[in-house]
Amino acid sequence: MAKRDLDDDERAAFKESMRAKLAAVMGVDEVDEDLAEYAVVLVAEDKKSPDEFRTAMDEMIGEDMAKDLAAWLEAHPAGGDASPPAKKARASETDADADDADADDA
């Protein structure tokens, strides 16, 4: 899990994803706002490793659910090396535009 800062939009999107995944893992319709925020803080502010995250969440939701959540987190854009899809697309477009400008200059 890469340790990177999230801007406000990324953090809000990550929190919503976290709430949805927590609900799925826990088998409930709604997740307490504080639990979702706690999980986000572990990643976005405390920069916990996957094992540290799993241990912290284990205390809150139990070992099996924490293991599933940690596995999801490693693949999630906010926890992994990938940027969110929208930012990737914008970065690709910017790179392509720069390449076109370089070709025009030649």
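User: Are Phe14 and Trp72 buried or exposed?

Analyst: Both Phe14 and Trp72 are buried, where buried means under 20% relative accessible area, exposed over 50% and partly exposed in between, with a 1.4 Å probe and protein chains only. This is a predicted model, in which local features need pLDDT of at least 70 and side-chain atom pairs count only at pLDDT 80 or more, while totals for chains, interfaces and linings use all residues. Residues are numbered from 1 along each chain as its sequence is written, and side-chain values use heavy atoms, with hydrogens and water left out.

User: How many aromatic pairs are there?

Analyst: The count comes to 1 aromatic pair, by a rule under which rings of Phe, Tyr and Trp (its six-membered ring) pair if their centres lie within 6.5 Å, with planes under 30 degrees apart counted as stacked, over 60 as edge-to-face and the rest as tilted. The ring centres of Phe14 and Trp72 are 6.5 Å apart and their planes are at 5°, so the pair is stacked.

User: Which helices do they lie in?

Analyst: Phe14 lies in helix H1 and Trp72 in helix H4, so the pair ties together parts that are 58 residues apart in sequence; helices here are DSSP runs (H or I, at least four residues), numbered from the N terminus.

User: New topic: what does the side chain of Arg19 join up with?

Analyst: Arg19, which is found in helix H1 (residues 8-26), has a side chain joined to that of Glu33 by a polar contact of 2.9 Å, meaning a pair of N or O atoms within 3.5 Å, where within protein one must be able to donate a hydrogen and the other to accept it, and residues adjacent in sequence count only if both atoms are side-chain atoms.

How values were computed
Helices (H or I, at least four residues) and strands (E, at least two) are DSSP runs, numbered from the N terminus.
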